[in-house]
Amino acid sequence: MRDNAILVVVARFLIPLVMLLGLYVQFHGEYSPGGGFQAGVLFASAWILFVFIYGLETGLRVIPQRVIYALASLGVLLYALIGVLGVVLGGRFLDFYPLLDAPKAAQQTGIILVEFGVGVTVAAVVMLIFLLFARRRADTLAAGLDPDATDDVRVDGE
């Protein structure tokens with residue numbers, strides 16, 4: 001789709017806006033509906049749009065697959081570490097009050113860090129799911145098969 005000028009111009013305009021909306025949802029999520037999951041899906045959708053326009057190889061040059069795997073792991077690790085830190089400091093799992101002296105600041109900091117971990121994990125996992133589907137299609141086409149072809153299957157011996 002790289003040769004379609006309209007799609008390229010629209011994508012160049014939309015991708016930064018989607019990422020900006022993802023940042024807004026990520027860091028405004030503790031005050032209103034939204035948060036890490038929705039922001040992660042928004043970030044992943046911006047990368048998927050980029051891949052649709054410029055191709056999978058270009059998308060993997062921007063964010064390599066090993067980086068996507070690392071981000072998925074680091075997001076889960078951040079979530080777990082913040083939860084365990086509450087236990088280590090004398091609270092319960094995901095209890096943010098022991099993190100800082102001021103309870104309100106501790107709660108806000110803890111929620112922001114946990115939601116950031118969720119957002120990073122969700123973005124990376126959605127990108128990996130898309131990547132697996134895209135590679136499967138490419139492998140099917142490389143094998144000389146048409147994944148979009150419908151087989152003429154008869155039902156009930158017709």
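1. Leu-94 is partly exposed, with a relative accessible area of 25%; the class runs between buried, under 20% relative accessible area, and exposed, over 50%, with a 1.4 Å probe and protein chains only. Leu-94 is not a glycine, yet its phi is positive, about 60°. Its place is the loop between helix 4 (65–88) and helix 5.

2. The model is a predicted one, in which local features need pLDDT of at least 70, side-chain atom pairs count only at pLDDT 80 or more, and totals for chains, interfaces and linings use all residues. Residues are numbered from 1 along each chain as its sequence is written, and side-chain values use heavy atoms, with hydrogens and water left out.

3. The chain holds five helices and zero strands, and its elements follow the order α-α-α-α-α from the N terminus. Helices (H or I, at least four residues) and strands (E, at least two) are DSSP runs, numbered from the N terminus.

4. On overall dimensions, the radius of gyration of the chain is 21 Å, whereas a compact globule of 158 residues would have one near 15 Å. This radius is taken over C-alpha atoms, and the globule rule is 2.2 Å times the number of residues to the power 0.38. The C-alpha trace spans about 70 × 45 × 30 Å along its principal axes.

5. Of the 158 residues in the chain, 29% are buried. The accessible surface amounts to about 10300 Å², with 68% of it belonging to carbon and sulfur atoms; such areas come from the Shrake-Rupley method with a 1.4 Å probe, and for residues only the protein chains shown count as cover. Among contacts (heavy atoms within 4.5 Å) between residues at least 6 apart in sequence, 59% join residues at least 24 apart.

6. The chain carries 10 positive and 13 negative side chains, and the centres of the two sets are 9 Å apart. Lys and Arg count as positive and Asp and Glu as negative, while His and the chain ends are not counted. Each charge is placed at NZ of Lys, CZ of Arg, CG of Asp or CD of Glu.

7. Helix 1 (residues 5–28) comprises 24 residues and reaches 35 Å from its first C-alpha to its last, close to the 34 Å expected at 1.5 Å a residue. The expected span is 1.5 Å times one less than the number of residues. Val-8, Ala-11, Ile-15, Gly-22, Val-25 and Gln-26 are the buried residues of helix 1, and they pack against helix 2 (36–54) and helix 5 (103–142).

8. Ile-15 counts as buried because its relative accessibility is 12%. Beyond its neighbours within four places in sequence, Ile-15 is in contact with Ala-46, Leu-49 and Phe-50. Ile-15 and Phe-50 are 35 residues apart in sequence, and their C-alpha atoms are 7.3 Å apart in space. Gln-26 is also buried, at a relative accessible area of 6%. With neighbours within four places in sequence again left aside, Gln-26 is in contact with Gly-35, Gly-36, Ala-39, Glu-115, Phe-116 and Gly-119.

9. Helix 4 has 24 residues, which should span 34 Å at 1.5 Å a residue, and the 34 Å between its end C-alpha atoms agrees. Its buried residues include Ile-68, Ala-72, Gly-75, Ile-82, Gly-83 and Gly-86. The buried residues of helix 4 pack against helix 2 and helix 5. After helix 4 comes Gly-90, with a positive phi near 105°.
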